[in-house]
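Biologist: Could you take me through this model, starting with the charged pairs and then moving on to the packing?

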Amino acid sequence: MASSSLSRTPSSPSLQRGTYAPSAPTDLRSPCPIINAFANHGLIPRDGRNVSKSELDAAMRDIGLSITVRKALIWGSFIQRRDENPAGSGVWGTLRHPWEWVQWQLGIRDADQKDSNGMACLNLDQLNRHNAIEHDGSLTRRDDAQGDNHTVQPDLVWQLLQASSDGRIITTNDFAGLRKRRTEQQRTDNARLCFPWFLHYVMAGQIAATQRIFGESSKGYAIPVSYARALFEEERLPVDEGWRKRQWLWPGMLEIVYQLLVVSLKVERTSRRSPNDRKK
């Protein structure tokens, strides 16, 4: 589907695929603004229920993600959940039964969850499962221990938009500073903050992917504030603001990993700078 076919209209039961409408109170949504935007545009089921692999793949193709990234994200999203770890808690048990550990730790879907056609599916609210795909320290959500890990928080969106140094674009440096501040904020606000070492790279990867999909290459993949407001406040693809998916060389795994490393290094450098330096 061409980006130009994405549009906005009030909610209606007969909305065409690609037309934006905010979610209804009975719709299911995830902690991820972009996935929620897929549902709000009808690229996946608008009610957030029974999302198939093919529907999620098509939605990611509509925003210009390469096949390698799409397949990796679909694989991670469709892991079946185990409520208990049959391998036990020891290292040896985990090494003997690695897949069972992955299902227990990262699984999202219920066992044998399928739609009416017998195809594997998931509901968007299953992505809210704590420490699977969802994690503490989100840029726009509170932590699980704070009672709501999936509803967008206006004050956090305001912080994100205010991170822009010039009020027009959010650069990699701006994102790095925001990422560091949010982590520090949650260390104060959430005594049960779960922040393993690898989460730093997961969160850098989320920023990196967003930059490479929606950022302007001529400006170091900075994201216009208007795009960020659409994505994070309305959970809407910023087509009205001028965004179009790339026509050539869609963002792939190597490109996003490279940007991840750039973001990660800038976050670490920000961490080593004094508060007075950060204001300069």
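## Salt bridges, a helix and a cavity

Modeller: There are 14 salt bridges in the structure, and please keep in mind that this is a predicted model.

Biologist: OK, which residue meets Asp155 in a salt bridge?

Modeller: The partner of Asp155 is Arg142, and their side chains come to 2.6 Å, N to O. Asp155 lies in helix 6 whereas Arg142 sits in the loop between strand 4 (121-122) and helix 6, so the pair ties together parts that are 13 residues apart in sequence.

Biologist: And is Asp155 buried, exposed or partly exposed?

Modeller: Asp155 counts as partly exposed, because its relative accessibility is 33%.

Biologist: What about Arg168, what does its side chain meet?

Modeller: The side chain of Arg168 meets that of Asp166 in a salt bridge, at 3.0 Å from N to O. Arg168 is exposed, with a relative accessible area of 55%, while Asp166 is partly exposed at 37%.

Biologist: Which residue does Arg246 pair with?

Modeller: Arg246 forms a salt bridge with Glu255, where the closest N and O atoms are 2.4 Å apart. Glu255 has a relative accessible area of 19%, and because buried means under 20%, Glu255 counts as buried.

Biologist: Which residues are linked in a network of salt bridges?

Modeller: That network links Glu234, Arg236, Asp240 and Glu241.

Biologist: Switching to helix 9, which of its residues are buried?

Modeller: Helix 9 covers residues 225-234, and its buried residues are Val225, Tyr227, Ala228, Ala230, Leu231 and Phe232.

Biologist: Which residues line the largest cavity, and how do they divide into nonpolar, polar and charged?

Modeller: Its lining consists of Ile35, Val51, Leu56, Ser77, Leu122, Leu124 and Leu127. Six residues of that lining are nonpolar, one is polar and none is charged.

Notes: Residues numbered from 1 in each chain as written. Predicted model: local features only at pLDDT ≥ 70, side-chain atom pairs only at ≥ 80, totals over all residues. Heavy atoms only, no water. Buried < 20%, exposed > 50% of the residue type's maximum accessible area, 1.4 Å probe, protein only. Helix = DSSP H or I, 4+ residues; strand = E, 2+ residues; numbered from the N terminus. Salt bridge = Lys/Arg side-chain N within 4 Å of Asp/Glu carboxyl O. 1 Å grid on protein atoms, 1.4 Å probe; cavity = no way out; pocket = protein on both sides within 12 Å on 5 of 7 lines; lining within 4 Å. Nonpolar A, V, L, I, M, F, W, Y, C, P; charged D, E, K, R; others polar.
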